[in-house]
Amino acid sequence: MNSNYRHHVGGGYCGIELREMHPRISQNFTYVSSCVKYMIFMLNFIFWLFGGLLLAIGLYAFKDKWESTGSLRLESFYDVILNISLVMMIAGVVVFVVSFAGCLGALRENTCLLKFYSMCLLLFFLMEMAIAIMGFVFPQNMNSFLEDTFTDKIIHSYRDDPDLQNFIDFAQQEFKCCGLSNAGYQDWSKNEYFNCTSPSVEKCGVPYSCCINATDISSGLVNIMCGYDVQAHSVAAASKRIWTSGCIEIVRVWAERNLYAIAGIALGIALIQLFVIYLAKTLEGQIDLQKSRWSA
């Protein structure tokens, strides 16, 4: 034990005071782990760039749509969520702001920003878990909800929004389906251009993306008239030319067939989110320890 000896002389008394020297923490010591700090920074920097890219693409698509249509309809909640460019912009802003808070909070060791960042991640995690539980535990209820809520809106907006039209065409071609609900290809009778009472040349038809062989093999050109008049035929007759099942049911069946892969991916994403939340809370605690050391 290290000791200091100090002699006291006075009043005929001579004594020795024994004082223990406590070990001192180095002035360069910090509770904040550089590994945790820069790991959070790098992860969020990547997502910050991704958010900026998503926002830029959304802005470009929104500008292009505005120049081509000259109007923007936002009369209801459905008009917002079915506007793909607007959804991309909103998602880009959210990712950009949250990841920026994570970057700056870690770099500047700001606990307020880190708290905001970890709370946002926790909120996203809970929302994802709620959607996953609804999808896996109540698939039929989810199926009915999507059909009742979105079928009419999406079918009606097919020709009004070029981005939505391209998305629907892509989905119908990839999943080999036509329409959304259990009515299948007959859903397109709800669209003013494909309704059998329409004066359009497309009356009683469906989009070319419903066709089994929309592309001519010899010329490589897409036959946009391949779905004309199919609504007037029975399911058996129409199935020779187009896919007749609705996309929501087809996607549900596809998800059930790939349930383990989807569950594995969802679990992986959830674990990553929890790990990042843990890192953020760990860094918060380290910063608080460092501040308490400075104030001591």
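So, transmembrane regions: for this chain, an unreviewed UniProt entry lists residues 38-60, 80-104, 116-138 and 259-280 under that heading. Residues are numbered from 1 along each chain as its sequence is written. What you see is a predicted model, where local features need pLDDT of at least 70, side-chain atom pairs count only at pLDDT 80 or more, and totals for chains, interfaces and linings use all residues, while side-chain values use heavy atoms, leaving out hydrogens and water.

Let's look at two of those spans. Residues 116-138 are 96% helix and 0% strand, with end C-alpha atoms 32 Å apart. Residues 259-280 are 100% helix and 0% strand, and there the end C-alpha atoms lie 31 Å apart. Helices here are DSSP runs of H or I with at least four residues, strands are runs of E with at least two, and both are numbered from the N terminus.

Now the whole chain. It has 9 helices and 2 strands, and the pattern along the sequence is β-β-α-α-α-α-α-α-α-α-α. Of its 296 residues, 32% count as buried, meaning under 20% relative accessible area, with exposed over 50% and partly exposed in between (1.4 Å probe, protein chains only).

Next, please find helix 3, residues 84-107. Its 24 residues reach 34 Å from first C-alpha to last, close to the 34 Å expected at 1.5 Å a residue; the expected span is 1.5 Å times one less than the number of residues. Buried residues in helix 3 include Ser85, Met89, Gly92 and Cys103. What do the buried residues of helix 3 pack against? Their partners are helix 1 (34-69), helix 2 (77-81), helix 4, helix 6 (162-175) and helix 9 (259-295), where contact means heavy atoms within 4.5 Å. Just after helix 3, Glu109 takes a positive phi of about 55°.

Last stop, the surface. Ile133, Met134, Phe136, Val137, Phe138 and Leu259 form a nonpolar patch with about 520 Å² of accessible area together. Areas come from the Shrake-Rupley method with a 1.4 Å probe, and for residues only the protein chains shown count as cover. Patch residues have over 30% relative accessible area and no salt bridge; nonpolar side chains (Val, Leu, Ile, Met, Phe, Trp, Tyr) are joined within 5 Å, like charges within 9 Å. A salt bridge is a Lys or Arg side-chain nitrogen within 4 Å of an Asp or Glu carboxyl oxygen. Helix 4 (residues 111-137) gives the most, 4 residues. Phe138 sits in the loop between helix 4 and helix 5 (139-156), and Phe138 is partly exposed, at 38% relative accessible area.

Notes:
UniProt positions renumbered as here; feature names shortened; annotations may be inferred.
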